[in-house]
Structures are given as C-alpha cells and as structure tokens.
Amino acid sequence: MRFGHKTGSVTEELALVSPSKLAIDKVSKSFHSRAGTVLALDRVSLNVAEAEFVCIVGASGCGKSTLLNIIAGLEKPDSGTVLADGRPVTAPGRERLVMFQEPALFPWLDVLGNVLFPLKLKPNLTKKDRRDVAKYYLELVELTRFERANIHELSGGMKQRVALARALAPNPRVLLMDEPFAALDALTREQLYGDLQRIWKSRRKTIVFVTHNVREAVCLGDRVLLFSPHPGRVQEEFIIELPRPRDLNSVELATYASRITHALKSGAQSEAATAK
Amino acid sequence: MKRFLLAVLFFAVLTALWEWAFRAKIWSPVLLPAPQQVAEYLKTSATDGTLLQATVITMRRLLIGYVIGLIGGLPLGLLTARWELFHDTVGTLALGLQTLPSVCWVPLALLWFGQTEAAMLFVVVMGTLWSVVIATDTGVRHVPPIYRRAALTMGSKRLHIWLKVILPAALPFIVSGMKQGWAFAWRSLMAAEIFVTILTGFGLGQLLHYGRELSAMDQVIGIMLVIVVIGLLADKILFSPVERFLHRRWGTNP
C-alpha cells in the first residue's frame with residue numbers, strides 16, 4: 001500500500017478479492033424455555049468453498065437462522081466448531097457481514113452515512129477513500145441519486161439495496177444473508193435477484209443465503225441445502241447446474257424447485273408421522 | 001404569514017379584552033392594572049436595568065443547574081440501562097424522585113445550604129437530573145436490538161457501539177427527556193426564587209415576590225409576562241430546531 005497515491009489505493013481497495021472458506025463441523029445448539037428444550041441444530045456439518053453461493057432452505061423454525069448467527073459469531077454453539085479461513089469464529093467481525101430480514105439501517109444517518117458506517121471502522125482508509133468506496137457501492141445498487149436521502153423516505157426495496165451496499169462496502173469475505181428479501185414484493189425481489197447475482201459474480205463473494213422460498217434458493221444458489229426441523233439437520237443437498245444469470249420464471253428452474261419442494265414436503269410428512 | 005397574522009390578531013384581542021375589563025372596573029385597579037401600566041413598568045425596569053439584571057441572574061442559575069443535571073443524568077441513565085443492578089437501585093431512586101414536585105426540594109436545600117446560590121443550583125439540578133436519567137434509560141431500552149447486532153457484524157465494539165449506535169438511536173427519547181428536564185428546572189427555579197430571598201442576586205422570581213409584597217400588580221403581571229416569554233423562546237430556540245431535525249430524519253410526525 002503506497003501513501004500519497006489515493007486513487008491507487010482506492011482501486012486496490014475495490015479490486016481486492018478476498019475469498020474465504022467456511023468449515024462448519026458438528027455444530028449443535030439448543031434453546032431452553034419454559035416449554036422445554038428445543039434442539040435447534042443437531043450436529044450440523046457443512047463446508048462452503050471460496051466464492052460459492054450456498055442457499056439453506058427450510059420451514060420456519062428449522063434452525064437455519066440460528067446456524068447463520070453462529071457462523072456470524074453473534075451466537076455461540078453448544079458444541080462443534082466453525083472455522084472461517086481455518087481460524088475458529090469466536091466473535092462477530094466485519095469479514096463475515098450479515099444482512100438481516102429487516103434492513104436494520106440507522107435512521108439517524110442518511111443513505112451515504114449508513115454505507116460509510118462500516119467503512120469508518122476499517123483502518124487505513126482516508127476520508128476520501130471511504131467516500132469513494134461508499135459511492136462506488138451506491139452506484140452498484142443504483143442508488144447514487146439517493147445518497148442524501150433519509151432512510152424513512154426509501155421504499156422497502158431501496159432500503160434493502162442500501163443494506164446490501166452497506167454490507168458490501170467493507171469488502172467482507174463472506175456475506176451471510178438471513179431472508180433479506182422476504183418482506184419485499186415479488187417484482188422488487190426479482191430485480192434484486194438479478195442485482196445480487198451480478199454483484200456476487202463481479203465481487204466474487206462467498207455467500208450463505210437463508211430462505212424459506214425454494215424458487216429463490218434455486219435462482220441464486222450453486223448449491224441448495226434442505227434443512228429439516230426438530231432437530232435442525234441437513235436433510236438433503238442439491239447442486240443447481242443452471243447457467244447464470246438465471247431466470248426465475250424458466251422451466252428448468254421450476255423443475256429444480258418442484259423437486260426440492262417435494263423433498264421438503266416429504267420431510268415434513270415423515271416428521272409428522274414420527275410425531276404421532 | 002397568514003398564520004402569523006392570525007396569532008398577532010389573537011393576542012391583540014386578548015389585550016383588548018384586558019383593557020375592557022380594566023375600564024369596566026370589574027376589579028379594583030390595584031388588582032387589575034391597565035395593559036398600559038404594565039407596559040410602562042416593563043419599559044422603566046428595562047431602561048433602568050433591573051429587568052435585564054434579574055433575567056441574567058435567573059438564566060445563569062438555570063443554565064448552570066441544567067447543564068450539571070444533564071452531565072450527571074446522561075451517564076447515570078446509560079448506567080441504569082446497561083446494568084440491572086443500577087436499574088434496580090439508581091433507576092428506582094430516579095423514578096421515585098422524579099415524581100416528587102421539585103418545589104419540595106426547596107426547604108431541604110435551604111436547611112442544607114442556607115441562603116446561598118448553592119441552594120438555588122441544588123433545586124435546579126434536582127429538577128433536571130431525574131427526568132434526564134429516566135429518559136436516557138427508557139431511550140436506550142427502546143433501541144431495537146437489531147441495530148446492535150448489525151453494528152457488531154460490521155466490526156463495531158463496546159464503546160463505539162454506545163457512542164455511535166445506542167446513543168444516537170436513543171436520541172429522540174433523550175431530547176424529550178431534556179425538554180422535560182428543562183421545564184422542571186424552570187419551574188423549580190421560579191419556586192425557589194419566590195421562596196428564598198438571597199443576597200447574592202435578585203432573580204425574576206424575587207422581583208415577582210417583591211411585587212406581591214408591595215402590592216405592585218403591574219410588576220407582578222409584567223414579570224409573569226417576561227417569564228412566559230422566556231419559556232416560549234427557550235422552546236423555540238433551544239428545542240424546536242433539534243426536534244424538527246429528529247422528525248425529518250426519523251420520519252416521525254411533528
């Protein structure tokens with residue numbers, strides 16, 4: 001890194017491709033409440049390769065969000081290990097950024113301020129570098145015009161795009177997405193699938209994407225993991241071999257989706273049978 | 001502009017009614033002086049400097065006490081929000097003392113500090129402190145946990161989270177607590193000044209008190225008007241801009 005050559009360091013900052021690999025080994029987690037103990041995750045093992053896009057699908061309450069929080073370092077597993085780049089995850093950190101179902105944007109900052117927030121926590125960047133990086137990502141999500149807007153003035157889809165820009169800005173190795181588009185309307189969602197695939201390809205991120213929407217998972221993932229609830233386990237794994245960019249409404253995608261939906265339902269049925 | 005003219009008209013009508021009541025001699029002129037007399041009192045006391053001096057003394061007491069209350073209240077509120085131990089102890093104390101009308105501090109302040117500036121300050125600080133503690137505590141508790149989690153994943157840590165996330169997120173609550181603290185401080189200071197005659201300076205409350213002693217109703221009403229105007233100005237100059245900013249940013253209705 002050379003000093004006094006600001007444009008150079010910005011290009012460097014933007015060009016830096018930092019792949020990572022996640023290794024989740026026999027992770028278990030249970031929650032205790034008055035109703036009793038729920039085993040949210042039962043010895044879940046999973047490997048994610050560099051620049052891979054993995055989707056985790058399952059009914060609500062199957063522990064998929066818990067797994068994501070554990071990978072993020074926001075929660076601790078009861079047993080098992082999570083390695084990011086070969087190092088154990090002990091606390092949250094900016095190399096694994098999380099995008100939540102709610103945009104979780106800060107209402108006291110404007111759009112640019114929100115994207116700048118994680119950059120201000122990143123050392124070795126000058127003020128100008130930060131602004132340039134933030135503006136680059138705002139352009140990537142096509143919100144340059146709204147950089148001075150207040151958060152409450154944005155639509156739901158725009159908020160999630162700001163959240164995406166904020167998550168991408170500090171250039172994390174891993175992006176963890178917890179049903180980020182669940183609260184949006186179908187049209188906005190479809191547009192964001194396109195944006196996300198484009199960005200994932202150009203920035204080469206490792207993405208773990210949790211959803212209950214099977215078609216969404218097939219549209220985005222290299223791999224789709226089907227989670228079964230009570231206790232949360234990986235029930236089945238599907239490799240999606242469709243060319244990108246994928247069209248949500250194509251027949252091939254629908255074929256994959258119906259196979260996975262079928263497996264999801266049979267899993268739920270067998271669970272109901274054992275419950276009886 | 002139209003709204004401004006309507007407001008002016010409203011106060012003109014009010015003054016006219018007052019003038020009419022004076023001329024109709026419903027009350028004795030000693031009890032209800034003419035608007036003219038009050039205006040004259042205000043004019044003379046403004047030109048001879050007594051009014052300005054009293055205002056400066058009162059405002060100095062108020063501001064110093066208020067700032068002390070803020071400086072003490074903010075960290076205390078953060079402590080009670082952060083640790084249950086503080087919430088159960090200091091928080092409960094704050095809640096109890098906040099319900100105590102701040103005039104009730106005057107006798108205690110007098111016995112502790114005597115006829116001094118310290119007694120005045122003490123009353124103002126007690127009026128401010130507890131509202132600020134409670135507002136800060138409530139504000140911090142209302143911060144959605146998702147903000148903290150989002151900040152954590154972006155690499156924000158302890159002190160940074162408190163300064164850059166929790167505190168700004170709690171700002172709407174804190175500002176309304178500051179406003180309430182200001183109102184309490186102002187009321188308690190007036191009560192203290194009316195009850196306590198101290199030789200270190202005559203405030204507006206003392207002028208009011210001597211107006212009563214001398215049965216100088218023009219002085220009483222004049223000073224009351226000044227007190228009302230100061231309260232209005234404080235609201236418009238100190239709090240309104242901040243509140244407008246908060247409403248604009250948060251998108252809440254004013």
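Helix 3 of chain A and helix 5 of chain A are roughly parallel to each other, a label given to angles under 35 degrees, with over 145 counting as roughly antiparallel, 65 to 115 as roughly perpendicular and the rest as oblique. The model is predicted, so local features need pLDDT of at least 70 and side-chain atom pairs count only at pLDDT 80 or more, while totals for chains, interfaces and linings use all residues. Residues are numbered from 1 along each chain as its sequence is written, and chains are lettered from A and ligands numbered from 1 in the order in which they are written.

The angle between helix 3 (residues 111-120) and helix 5 (residues 156-168) of chain A is about 30°, and their axes are 7 Å apart. Axes here are lines fitted to C-alpha atoms, for helices over the stretch in contact, and angles run from 0 to 180 degrees between N-to-C directions. Helices (H or I, at least four residues) and strands (E, at least two) are DSSP runs, numbered from the N terminus. The crossing of helix 3 and helix 5 of chain A is right-handed; the near helix is then turned clockwise from the far one by less than a right angle, and a left-handed crossing has it turned anticlockwise. From helix 3 of chain A, A:Val111, A:Asn114, A:Val115, A:Phe117 and A:Pro118 meet A:Val162, A:Ala165 and A:Arg166 of helix 5 of chain A. Contact means that the C-beta atoms of two residues, placed from the backbone, lie within 7 Å. By class, this helix pair brings together 6 nonpolar, 1 polar and 1 charged residues. Nonpolar covers Ala, Val, Leu, Ile, Met, Phe, Trp, Tyr, Cys and Pro, charged covers Asp, Glu, Lys and Arg, and the others, Gly among them, are polar.

Chain A as a whole has 8 helices and 10 strands. Its C-alpha atoms fill a box of roughly 70 × 40 × 35 Å along the principal axes. The radius of gyration of chain A is 19 Å, which agrees with the value near 19 Å for a compact globule of 276 residues; the radius is taken over C-alpha atoms, and the globule rule is 2.2 Å times the number of residues to the power 0.38. Buried residues make up 42% of the 276 residues in chain A. A residue is buried if 20 or more other C-beta atoms lie within 10 Å of its own, exposed if 12 or fewer, and partly exposed in between, with C-beta atoms placed from the backbone. Of the contacts in chain A with a separation of 6 or more, 71% are between residues 24 or more positions apart.

Two loops of chain A hold backbone features. Most residues other than glycine have a negative phi, and most peptide bonds are trans. In the loop between strand 4 (79-84) and strand 5 (87-88) of chain A lies A:Asp85, whose phi is positive, near 60°. A:Asp85 has 16 other C-beta atoms within 10 Å and is therefore partly exposed. A:Pro245 belongs to the loop between strand 10 and helix 8 of chain A, and a cis peptide bond with omega of about -5° joins A:Arg244 to A:Pro245. A:Glu241 lies in the loop between strand 10 (233-239) and helix 8 (251-275), and counts as exposed because it has 8 C-beta neighbours inside 10 Å.

Chain B has 11 helices and 0 strands. The C-alpha atoms of chain B fill a box of roughly 75 × 50 × 30 Å along the principal axes. Of the 254 residues in chain B, 35% are buried. B:Lys25 sits in the loop between helix 1 (2-23) and helix 2 (35-47) of chain B, with a positive phi near 55°. B:Lys25 has 9 C-beta neighbours inside 10 Å and so counts as exposed.

Within chain B, helix 4 (residues 84-99) and helix 6 (residues 117-141) have axes that come within 9 Å and cross at roughly 130°. Helix 4 of chain B is therefore oblique to helix 6 of chain B, and their crossing is left-handed. The contact of these two helices of chain B has 6 nonpolar, 3 polar and 1 charged residues.

The contact between the chains takes 16 residues from chain B and 21 residues from chain A. On the side of chain B that touches chain A, helix 7 (145-153), helix 8 (158-169) and helix 11 (217-250) of chain B are the elements that give two or more residues. Helix 7 of chain B gives the most, with 6 residues. That side of chain B divides into 9 nonpolar, 4 polar and 3 charged residues.
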